[in-house]
Amino acid sequence: MFPAVVIIVACCTTVILFLYKYTTYTYKYWKSKSVTFATPVPLFGNIKDHVTLKMTQGECLKNIYNDFPREKFVGMYQLQTPTLLLRDPETIRLFLVKSFAHFTDRGFSYDGHREPLTKHLVNLEGDTWKILRQKLTPTFSSGKIKSMLGLLQGCGVQLIEYMDATIESGKTEFEIRDLTAKFTTDVIGTCAFGLECNSLKDSQSEFRRMGCAVLNSSASLALAKMVRVFFPKLFKALKLRTFPAEVQQFFMGIVKQTIDFRNTNRVRRNDFIQLLLEIKNQNHNQENAIKSIELTEELIAAQVFVFFLAGFETSSTTLSFCLHEMAVNQDIQNRVYDEINETANMYGLPFSYEAISSMNYLEQCLKETMRKYPPVQALARVCTKQFRVPGTDLDLDVGTAVLIPVYAIHHDPQYYPEPDTFNPDRFAKDGDGGGGDNGRPSGVFLPFGDGPRICIGMRFAMLEMKLALAQFLHRYLVTLSDKSCTRIEFEPASFLSCPKGGIWLNVNKRKA
C-alpha cells in the first residue's frame, strides 16, 4: 500500500510541476527585456478575470493600465503570450501611425479555406491586406456613401412606421438594443446586399437570425474564440468554428445569388456589392490594375460579411447607448432635439446629406457615446519587423503582441475629467475652427482605431447613426422605464461592448 501511495503522490506532483512549468515558462520575458510588467498568475497570465468571464477585456486591461500611471508601456501576459500594453498617447500614435510598417497586422488567425468568410479586411495581413485595402478604399469615399443616402432614409421611414404602429397599439416600453439591431440589420441588408430584410416587421427574418447567430455571446462560443486567438493550432485540430456553419452557407449563398442575378439581368444598385462588382470588372478590363488579388465571389462574400458584422452590431449598440444617455440626461436630449428641429426648418425633410453634416451637437453626442462605451474595447497589433522603441533600449521581437487599451484610455481622468459623466461638450469645436479635442493629445480617442488600419467604414457608420438619431429623436421622446438601469454593465462573453440585460426605455411621440 505504501509504495502505491508514494507513486501516486509522485506522479501527481510531477504532473502539477510540469503544468506549472508549461504555463509559466514565458513569464521571464519582460524581465529579460528590462520592461516594467504586471505580475502574472500561472496559466492565466494577467487576464484571469476576462478568461473566467468576470469582466470584459477592456475592463480587465483598465485595471492593469491604472496600476502603472507613470509608465509609457507595460509588459503583461495573455495566458502565456507576452504582450506590450501601451499607455502613452505619443507611443500609441507611434505604433499605429508613424511606425505602422512595423505593426501592420492584428495577429488574428483565420482559415480562408475552411472558413472563407474569415478572409476579410479585418483579419488579413501583409501585402494581401494592403492590396485589398487599396481596392476597397474608393468604395467608402464621401461620394459613394452619399449615393447610399436614399437607402438609409428608406430604412429610417420603415423604423418610424413600425414605431408609430407599435405605440398606437399601446406599447411604449422597448428593449432599445433589440430595436436598433433590427434597424441596423435592415440598413446593412439594404446597403450591402440590396435586399429588403424586414427585421422590424419579422423578428425571425433570416438576416436577423444570422446576426444573432454570429454574435451569440454564450460561454461556449466565447471559449472557442479564445482558443482561436491563443491556441490557433488547437482550434484548427479540433475543427472548431468562428461562426456556425449555417452562417457561412447563408452568406455565401446570398452573395452568389445576388451576383448571378445582377449579371444575368444587368441590374445595378447603389450598394456595397455593386461597388465590389465594379472593382472586380475594372480589374478584368485593366492591364495595369492594382497588383493583384483576384476579387473572387468568396472574397467578395467575406468583405460583405464583415461589413454586415461590423456595420450592424457596432452601430446598433452605439445607438442604444446614446439613446440610454438621452433618457438619463433630458437636458442633453432637449438640446439635441432643438438642433434637429432647427435643421429640419432650415433644410426641410427628409434630412439631406448637408443637413446631417451640419448637426454638430448630435455628432458630439455620438462621439461622447463612443468615448464612454467604445464598441471595440482594445486594439490589437503584432510586431511584423523588429523594432527599437525610440528613447529606450527596448527591442521588440517579430511576433510580439501589442494591445492598446481603448476603454481604459477613454476613461482616464487625465484626458477626460469625470469620465463616468456623459458630457458631449468634451467634443465641442472651439471658436477658431479647432477640431474639438479640448487640448487633448492625439491618440486618446480611438473608437475607430487610427492610422492606415483605421475603420474603413467610419464615414458610413457616422452618417448612418446621425441620420437614424435625427429621424428618431425628431419624432419621439425617450425616457427611463421601470426596467431601466441608470448604470450600464457589459456582457463579459461578448467581444464587443454589449449591455448586459439589454437597455429598456419608454418611447413616446412628441407633442406637435
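Colleague: Where is T317 found?

Modeller: T317 is in helix α15. This is a predicted model: local features need pLDDT of at least 70, side-chain atom pairs count only at pLDDT 80 or more, and totals for chains, interfaces and linings use all residues. Residues are numbered from 1 along each chain as its sequence is written, and side-chain values use heavy atoms, with hydrogens and water left out.

Colleague: What makes T317 buried?

Modeller: Buried means under 20% relative accessible area, exposed over 50%, partly exposed in between (1.4 Å probe, protein chains only). T317 has a relative accessible area of 2%, so it is buried. Leaving aside neighbours within four places in sequence, T317 is in contact (heavy atoms within 4.5 Å) with R177 and S497.

Colleague: How do you know that the span of α16 agrees with a helix?

Modeller: The expected span is 1.5 Å times one less than the number of residues. Helix α16 (residues 330-347) has 18 residues and should span 26 Å; its end C-alpha atoms are 25 Å apart, which agrees. Helices here are DSSP runs of H or I, at least four residues; strands are runs of E, at least two; both are numbered from the N terminus. After α16 comes G348, with a positive phi near 85°.

Colleague: Which residues of α16 are buried, and why are they said to be on the same side?

Modeller: I332, Q333, V336, Y337, E339, I340, T343 and A344 are buried. They cover an arc of only 165° around the axis, so they lie on the same side of α16. The arc is that of the directions from the helix axis to the C-beta atoms. On the other side, D331, E342, N345 and M346 are exposed. The cover over the buried residues of α16 includes α15, α17, α18, α20 and β8.

Colleague: Why are α16 and α20 called roughly perpendicular?

Modeller: Angles of 65 to 115 degrees count as roughly perpendicular, under 35 as roughly parallel, over 145 as roughly antiparallel, and the rest as oblique. α16 and α20 pack at about 100°, with axes 9 Å apart. They are therefore roughly perpendicular. The contact is made by Q333, V336, Y337, I340, N341 and A344 of α16 and L469, A470, L473 and H474 of α20. Axes are lines fitted to C-alpha atoms, for helices over the stretch in contact, and angles run from 0 to 180 degrees between N-to-C directions.

Colleague: What makes strand β2 largely enclosed?

Modeller: 5 of the 6 residues of β2 (residues 81-86) are buried, so the rest of the structure largely encloses this strand.
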